[in-house]
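Please read them with the structure open.

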Amino acid sequence: MVPTGYYLVLAAVIFGIGALGVLVRRNALIIFMCIEMMMNAVNLTLVALARHFGTLDGQVFVFLVMAIAAAEVAIGLGIVVGLVRHRDTTNVDRINLLRW
Amino acid sequence: MEWLFFALFALTALVGSVGVVLSKNAVHSALFLLLNFVAIALLYILLQAQFLAMAQILVYAGAIVVLFIFVVMLIGNDTIDDFVARERPILRWISLLLVVVFVAGVVYVSWVLPNQQIKGVPGYGSVESIGHILFTRYLLPFELASVILLAAMIGAIILAAKTKPPVGRPED
């Protein structure tokens, strides 16, 4: 039986790589993909801890997070498509009309 | 034996996540993301969450990645090198430092976590048990999730709709 700590560390590393991707990449779609990866890492943490404590509440939490993530991706991609059509670029550094 | 599977799936998930961040092609990133999602679904099976593993493949691998690839094809798969701006290379190192500090913290906490013997409840993670708890104890979040999905559907349709000029009356 693999101890729970290994799953937590793996989820933390995936979360860290996703955070690195959000900070380093400038393409709007890649940033969005890294956000989804971070959400998956949190799901993995929840499921690992649910098994650790023997309850099912963590798994139900993850199920509802998946539903919310699907809704969020639909809306977010709609926004990204509208934005790219308007500004003709996927580089988030060019979306700077409201900057000081 | 379980260690072997865990190592294999964990390595696959890490390869997928690194590939998403480092890939110059957006479609390649989406496919690496798919690899990451499938590896996490396999890890769910190791964690006795069979229903969640299938839900992960259906929702994440089957719908979200497909949406991403649709949008990449729609917008155009430009392979411009869009990494962080050349004049601020310090940002890469600062973000790497933050990530390393975070992972070190989780490693420390995991060492402190007591390694209790995980008791196996029969039927844990099966469809029946999750269905039972979802319809009795978590009925309200379940219904609210359906309302949120409806709101998201309406929002996505409004975002994607073309605005037409209003039709004037014929007698004006």
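**Notes on the two-chain model**

1. Helix 6 (residues 139-160) of chain B has 22 residues, which at 1.5 Å a residue should span 32 Å, and its end C-alpha atoms are 32 Å apart, so the two agree. The expected span is 1.5 Å times one less than the number of residues. Helices here are DSSP runs of H or I with at least four residues, strands are runs of E with at least two, and both are numbered from the N terminus. The number of buried residues in helix 6 of chain B is one out of 22, so this helix lies largely in the open. A residue is buried if 20 or more other C-beta atoms lie within 10 Å of its own, exposed if 12 or fewer, and partly exposed in between, with C-beta atoms placed from the backbone.

2. The model is predicted: local features need pLDDT of at least 70 and side-chain atom pairs count only at pLDDT 80 or more, while totals for chains, interfaces and linings use all residues. Residues are numbered from 1 along each chain as its sequence is written, and chains are lettered from A and ligands numbered from 1 in the order in which they are written.

3. Chain B has six helices and zero strands, in the order α-α-α-α-α-α from the N terminus. Of its 172 residues, 23% are buried. Among contacts in chain B between residues at least 6 apart in sequence, 55% join residues at least 24 apart; a contact requires C-beta atoms, placed from the backbone, to lie within 7 Å.

4. Chain B is divided into domain 1 (1-79) and domain 2 (126-161), with bounds from an automatic or database domain assignment. The C-alpha centres of these two domains lie 23 Å apart.

5. Within chain B, helix 2 (residues 26-46) and helix 3 (residues 50-75) pack at about 175 degrees, with their axes 8 Å apart. Axes are lines fitted to C-alpha atoms, for helices over the stretch in contact, and angles run from 0 to 180 degrees between N-to-C directions. The two helices of chain B are therefore roughly antiparallel (over 145 degrees; under 35 is roughly parallel, 65 to 115 roughly perpendicular and the rest oblique). Residues making the contact include Leu33(B) and Phe37(B) of helix 2 of chain B and Tyr60(B) and Phe68(B) of helix 3 of chain B. By class, this contact has 20 nonpolar, two polar and no charged residues. Nonpolar covers Ala, Val, Leu, Ile, Met, Phe, Trp, Tyr, Cys and Pro; charged covers Asp, Glu, Lys and Arg; the others, Gly among them, are polar.

6. Between the chains, 61 residues of chain A are in contact with 71 residues of chain B. On the chain A side, helix 1 (4-24), helix 2 (28-53) and helix 3 (57-87) each give two or more residues. Helix 3 of chain A gives the most, with 20 residues. The chain A side has 42 nonpolar, 14 polar and five charged residues.

7. Val21(B) is in helix 1 (residues 2-22) of chain B and counts as buried because it has 22 C-beta neighbours inside 10 Å. Leaving out residues up to four places away in sequence, Val21(B) touches Ile17(A), Leu20(A), Gly21(A), Val24(A), Arg25(A) and Cys34(A).

8. Gln48(B) counts as partly exposed, with 18 C-beta neighbours inside 10 Å, and Asp88(A) as exposed, with 9.

Notes. Contact = placed C-beta atoms within 7 Å.
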